[in-house]
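Look over the model below before reading on.

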Amino acid sequence: KPPGIGLRAAGLMIPGIRRVTAQIEPYTRYWDDQNQRAATAEGPLLVAIGDSTAIGIGATDPANSYVGLLRKALRGRDGLTWRAINLAQSGARVDDGLGRQLPILADLMAKGVEPSTVVCCIGSNDVVWSTDTTGVRDRVRRLIAALPADRTMVGLVAGGSPRARVVNRAVRHAAAETGCGLVDPWREPGPGPAERLADDRFHPNDLGYVLMTRPFARHLEAPEPSQEGVATPPT
């Protein structure tokens with residue numbers, strides 16, 4: 001069991017972890033279908049580079065990810081039919097952003113599919129699962145430098161550990177150097193972790209995604225998603 005978690009607590013968490021993990025395949029398929037339609041549709045385009053939070057793992061519906069909620073906020077701002085191409089993958093690290101997601105974005109742009117807004121929020125999995133902070137820091141800078149700075153927002157990674165601070169310093173430095181917008185989606189005021197996390201106690205739930213989306217929406221001067229109607233899980 002994870003350190004510091006008693007047998008009873010671990011037993012309660014495992015079904016939650018299984019329920020959330022079971023979302024990965026259908027939520028990925030949802031965004032694959034969305035991406036295919038968006039690639040040939042009309043309207044301004046939002047492109048996302050990221051990890052499981054971009055595809056909505058932990059939410060009750062993949063459209064409730066911060067990418068889905070941000071697309072809805074942009075539609076509310078402009079009255080236009082914004083599309084979204086979500087290149088994120090569950091479990092993705094910065095290497096995946098550089099080696100898999102960024103080349104797809106470059107290929108889209110080479111074919112004339114121009115994003116109106118790019119959001120890049122990746123690196124939390126590196127912080128959790130890797131001790132190579134120097135390598136992650138360098139890859140973060142390379143990834144951000146390759147994005148179209150005039151229309152890109154980059155997000156800080158979650159957590160306050162020493163590794164997270166190192167990575168976030170790199171994100172801040174790269175954003176300042178390139179001129180990308182900078183957003184912290186993890187410290188939005190609101191209910192505590194117990195109310196904003198999914199059953200696995202790791203990913204956001206619907207409320208967590210609402211709170212995560214708000215700073216992105218503010219940066220784009222779009223309507224912030226409301227907590228109204230979002231179920232708060234029992235404590």
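L87 is buried, with a relative accessible area of 9%; buried means under 20% relative accessible area, exposed over 50% and partly exposed in between (1.4 Å probe, protein chains only). The model is predicted: local features need pLDDT of at least 70, side-chain atom pairs count only at pLDDT 80 or more, and totals for chains, interfaces and linings use all residues. Residues are numbered from 1 along each chain as its sequence is written, and side-chain values use heavy atoms, with hydrogens and water left out.

**Around L87**

L87 sits in the loop between β2 (83–86) and α5. Helices (H or I, at least four residues) and strands (E, at least two) are DSSP runs, numbered from the N terminus. Not counting residues up to four places away in sequence, L87 touches V47, A48, I49, Q101, I104 and L105. Contact means heavy atoms within 4.5 Å.

**Nonpolar cores**

A nonpolar core is a set of buried Ala, Val, Leu, Ile, Met, Phe, Trp, Tyr and Cys residues joined through side-chain atoms within 4.5 Å. The largest one has 32 residues, and V140, L147 and V154 have the most contacts inside it. At least two residues of this core come from each of β1 (45–50), α5 (94–110), β3 (117–121), α7 and α8 (162–178). The largest share, 6 residues, is from α8. Another core lies apart from this one; it has 30 residues, among them Y27, W31, I55 and F216.

L147 contacts I49, L102, L105, V118, C120, T152 and V154, leaving aside neighbours within four places in sequence.

**Helix packing**

Two packed helices are described by the angle between their axes and the distance between the axes. Axes are lines fitted to C-alpha atoms, for helices over the stretch in contact, and angles run from 0 to 180 degrees between N-to-C directions. A crossing is left-handed if the near helix is turned anticlockwise from the far one by less than a right angle, and right-handed if clockwise.

| Helix pair | Axes come within | Crossing angle | Handedness |
|---|---|---|---|
| α5 and α7 | 8 Å | roughly 30° | left-handed |
| α7 and α8 | 9 Å | roughly 25° | right-handed |

Angles under 35 degrees count as roughly parallel, over 145 as roughly antiparallel, 65 to 115 as roughly perpendicular and the rest as oblique. By that rule α5 is roughly parallel to α7. Helices α7 and α8 are also roughly parallel to each other.

Which residues form these contacts? On the α5 side, V94, D95, G97, L98 and L102 meet V136, R139, V140, R142 and L143 of α7. In the other pair, α7 residues including T133, V136, V140 and I144 take part. Their partners in α8 include R163, V167, A170, V171 and A174.

G97 belongs to helix α5. G97 is buried, at a relative accessible area of 0%. Beyond four places in sequence, G97 touches I49, L102, P103, I122 and L143.

S130 lies in the loop between α6 (124–129) and α7 (133–145). S130 is also buried, with a relative accessible area of 13%. Setting aside residues up to four places away in sequence, S130 touches R93, N125, V136 and R163.

**Cysteines**

How many disulfides are there? A disulfide is a pair of cysteine sulfur atoms within 2.5 Å. The count by this rule is 0 disulfides. C121 is in none; the nearest cysteine sulfur, that of C120, is 7.5 Å away. C121 is buried, with a relative accessible area of 3%. For C180 the closest cysteine sulfur is also in C120, at 8.4 Å, which is too far for a bond. C180 is buried, with a relative accessible area of 8%.

**Positive phi**

Most residues other than glycine have a negative phi. R201 is not a glycine, yet has a positive phi of about 60°. R201 lies in the loop between α9 (193–196) and α10 (206–219). At 43% relative accessibility, R201 is partly exposed. G97 and R201 are 104 residues apart in sequence and 25 Å apart in space, C-alpha to C-alpha.

E221, also other than glycine, has a positive phi near 55°. E221 lies in the segment after α10. E221 is exposed, at 70% relative accessibility.
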